[in-house]
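Reader: I'm new to this, so could you take me through the aromatic rings in this structure? Please go slowly.

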Amino acid sequence: MKEKIIGKKCGMAVMLLLIALMVASLLGLVKGGIELEEGGSPVIFVASMILLVVCPIMLPGLKVLKPQEALVLTLFGKYIGTLKGEGFYFVNPFSVSFNPAAQTKLKQSGDVNSNASQGITATLNSFGTQEIKLSSQNKISLKVMTLNNNRQKINDCLGNPVEIGIAVMWKIVDTAKAVFNVDNYKEYLSLQCDSAVRQIVKIYPYDVAPNVDTTGDGQADEGSLRGSSEEVVERIRKEIQERVKEAGIEIVEARITYLAYAPEIAAVMLQRQQASAIIDARKMIVDGAVGMVEMALERLEKTDMVKLDEERKAAMVSNLLVVLCGNHDAQPIINSGTLY
């Protein structure tokens, strides 16, 4: 289905013409009635009556659009075109606006009220009597909207369950495809987002892991959900765009809004991260302490301040490492004697 733009912005002129015709028909009814009483011709009275009936029938053909809005119109079930752009239009009064997603409410911007539908809506008021209300037209928004999909629990490439949520910025670029190619373009987009996120997330580990290929080139890399978020969301955006192209939807951007381990393993993974951080810190402390001991021994030998044999060097190294690598401040002990 290809989009077809129709409609001319002549709504104001048509509305003024209809008002003038209705006023003229009222005056004609009065004049024709007088002539009928006097035995005159009923032509003016009949013509005025026909105009008074026809003019209100033409009023539904007046359509008003605000910026970034569109109306998909059908005539007796056939697609006749789309109104796009702000303005006051006049179209075939028997044409009907069609939007299958008008009543769909998702966690996204731009949703209409759930009770908005085409035509006349019947409701019950507090007294139990039926009220008839005219609902809004099934307009389609062409603005960039945000879909904040529900969080999903997905296993990463290592089998660890993670929870992830994404926000997708999207807009409709082809109203005919959006309305006629899929049953409900909002639900279709939401389902395709879930599927695309699941497809991409299972390629990556949550954190950097050895021997994992995330690019598909056959070589291990350092890609991860936590460290390569820009790359991950770009692959998600492309995957969603490929899936919703036939629905006339353009994916502008995708962003990760939530990323964490699933609750059942979050505590264990936190301990693992803490242990890894402690090991890395200990390695840094030991490397620094060994360097400081080497520097101290070199300085003592260079300045010839004191001559140390191998046993004294070992004792000095042991004492310095204890002082530099300990978790608590060292308590000095003064030796008033000798080591031998």
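Reader: Let's start with W170 and Y185: are they buried or exposed?

Author: This is a predicted model, and in it W170 and Y185 are both buried.

Reader: And how are the planes of their rings set, stacked or edge-to-face?

Author: The planes of W170 and Y185 stand at 65° with the ring centres 6.4 Å apart, and because planes over 60 degrees apart count as edge-to-face, that is how this pair is classed. The pair links distant parts of the chain, since W170 belongs to strand β11 (residues 161-172) and Y185 to helix α4 (residues 185-201), 15 residues apart.

Reader: How many aromatic pairs does the structure hold?

Author: The structure holds 4 aromatic pairs. One of them joins Y79 and F180, an edge-to-face pair with 5.2 Å from centre to centre and 65° between the planes.

Reader: Which parts does that pair tie together?

Author: Y79 is in strand β3 (residues 78-84) while F180 is in helix α3 (residues 175-180), so the pair ties together parts that lie 101 residues apart in sequence.

Reader: Why does Y79 count as buried?

Author: Its relative accessibility is 10%, and the cut-off for buried is under 20%. F180, by contrast, has 29% relative accessibility and therefore counts as partly exposed.

Reader: Which residues form the aromatic cluster?

Author: The cluster is formed by Y79, F98 and F180.

Reader: Changing topic, what sits over the ring of Y258?

Author: That is the charged end of R151, which sits 3.6 Å from the centre of the Y258 ring.

Note on methods: Residues are numbered from 1 along each chain as its sequence is written. This is a predicted model: local features need pLDDT of at least 70, side-chain atom pairs count only at pLDDT 80 or more; totals for chains, interfaces and linings use all residues. Side-chain values use heavy atoms; hydrogens and water are left out. Rings of Phe, Tyr and Trp (its six-membered ring) pair if their centres lie within 6.5 Å; planes under 30 degrees apart count as stacked, over 60 as edge-to-face and the rest as tilted. Helices (H or I, at least four residues) and strands (E, at least two) are DSSP runs, numbered from the N terminus. Buried means under 20% relative accessible area, exposed over 50%, partly exposed in between (1.4 Å probe, protein chains only). A charge sits over a ring if NZ of Lys or CZ of Arg is within 6 Å of the ring centre and within 35 degrees of the ring normal.
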